[in-house]
Amino acid sequence: MSRILLNTRIWLLMLLFVIVSSVYAQDDDFTTWTKFKVNHKIDSRFSVSGDVELRTKDDMNKWDRWGLTVGGDYRAYSFLKLGVAYETHLRDLGDSGWKFRHRYHLSATASFRYQWLKVSLRERFQQTFDSGDAETRLRSRLKLSYAPTKGIVFPYFSVELYQSLDDAPFWRVARMRYRPGIEIDLAKRWSLDAFYCYQYEPSKGKHIAGIEVGYSF
């Protein structure tokens with residue numbers, strides 16, 4: 001338990017240092033993401049989920065978007081999970097006001113465990129519809145997690161790469177996300193994910209402080 005507490009303190013200090021340092025970055029935006037998730041396991045293979053999310057922008061001075069997602073997962077094998085989901089976002093577009101956009105995505109996640117280390121690779125195809133325009137992207141995410149057989153605190157780090165499937169060259173990176181965080185089992189059905197994420201785009205980067213609360217039944 002002492003080792004877990006030490007690891008937790010180290011990760012919290014790292015997250016705090018990066019978040020505080022990001023306030024002094026003049027060229028990038030500092031934002032927050034807050035999400036509440038609900039997951040229902042139907043049986044050993046099928047589960048359904050939904051979440052509500054709120055994001056800010058412009059150094060937390062404005063609301064960015066409200067989001068609602070519903071989806072389902074199917075565990076094809078012990079190491080492979082398939083998923084499908086639909087999202088709708090109400091976004092603040094500045095002078096154009098608040099408008100909706102819609103998205104669906106299909107995903108496949110392969111996970112492997114070696115002692116306390118869990119490695120997962122997720123490939124996600126997504127298409128977003130915004131005012132008659134469509135944007136298609138492939139998202140590839142590699143995630144490394146500290147996942148002992150017993151414990152309630154699970155630090156992790158993930159890297160996600162966005163590639164455009166429209167007119168841009170396939171290997172041209174549209175966006176990168178680097179995300180260290182901590183997942184905590186608060187109770188039997190409740191969990192918490194606290195993270196920092198740096199999002200790189202050619203136009204502008206973002207420093208993101210996020211909280212996700214989950215409920216499973």
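**Ground rules**

I count residues from 1 along each chain as its sequence is written. Since this is a predicted model, I take local features only at pLDDT of at least 70 and side-chain atom pairs only at pLDDT 80 or more, while totals for chains, interfaces and linings use all residues, and my side-chain values use heavy atoms, with hydrogens and water left out.

**Entry 1: confidence**

I started with pLDDT, the predictor's confidence in each residue, from 0 to 100. The protein's mean is 89, and 86% of its residues reach 70 or more. Where is confidence lowest, and where is it highest? Helix α1 (residues 2-22) has the lowest mean, 53, and β2 has the highest, 98. Over residues 22-26 the pLDDT is below 50, and I found that this stretch has three contacts in the model beyond near neighbours in sequence. A contact here means heavy atoms within 4.5 Å. The helix and strand names come from DSSP runs (H or I, at least four residues, for helices; E, at least two, for strands), numbered from the N terminus.

**Entry 2: strand β1 and its partners**

Next I looked up what β1 (residues 29-41) pairs with, where pairing takes at least two DSSP bridges between two strands. With β11 (residues 206-216) β1 runs parallel, joined by 11 bridges.

With β2 (residues 46-57) β1 runs antiparallel, through nine bridges. Here Lys41 faces Ser47 in β2. A hairpin of four residues carries the chain from β1 to β2.

**Entry 3: the largest nonpolar core**

Which residues make up the largest nonpolar core? I listed five: Trp33, Tyr156, Phe195, Cys197 and Ile208. To count as a core, buried Ala, Val, Leu, Ile, Met, Phe, Trp, Tyr and Cys residues must be joined through side-chain atoms within 4.5 Å. Buried means under 20% relative accessible area, exposed means over 50%, and partly exposed is in between (1.4 Å probe, protein chains only).

I then zoomed in on Cys197. Skipping neighbours within four places in sequence, Cys197 touches Arg177, Tyr178, Arg179, Lys206, His207 and Ile208.

**Entry 4: salt bridges**

Side chains of opposite charge can pair when their charged atoms come close. The rule I used for a salt bridge is a side-chain nitrogen of Lys or Arg within 4 Å of a carboxyl oxygen of Asp or Glu. I got 13 salt bridges by this rule.

One of them joins Lys143 and Glu183, with the closest N and O atoms 3.2 Å apart. Lys143 sits in β7 (residues 133-146) and Glu183 in β9 (residues 173-185), so this pair ties together parts that are 40 residues apart in sequence. Buried or partly exposed? Lys143 counts as buried at 15% relative accessibility, whereas Glu183 is partly exposed at 28%.

Another joins Arg179 and Glu212 (3.4 Å, N to O). Arg179 is in β9 and Glu212 in β11, 33 residues apart. I noted both as buried: Arg179 at 18% and Glu212 at 10%.

**Entry 5: around Glu87**

I gave Glu87 its own page. Its side chain meets that of Arg103 in a salt bridge (3.6 Å, N to O). Glu87 is in β4 (residues 80-92) and Arg103 in β5 (residues 98-114), 16 residues apart. Glu87 is buried at 8%, and Arg103 counts as buried at 9%.

Which side chains make polar contacts with Glu87? I found His89 at 2.8 Å and His105 at 3.2 Å. A polar contact is a pair of N or O atoms within 3.5 Å; within protein, one must be able to donate a hydrogen and the other to accept it, and residues adjacent in sequence count only if both atoms are side-chain atoms. Not counting residues up to four places away in sequence, Glu87 also touches Leu68, Thr69, Arg101 and His102, among others.

**Entry 6: Gln126**

My last stop was Gln126, in β6 (residues 117-130). Gln126 is buried, with a relative accessible area of 2%. Its side chain makes a polar contact of 2.9 Å with the side chain of Arg139. Leaving aside neighbours within four places, I also noted contacts of Gln126 with other residues, including Arg103, His105 and Tyr162.
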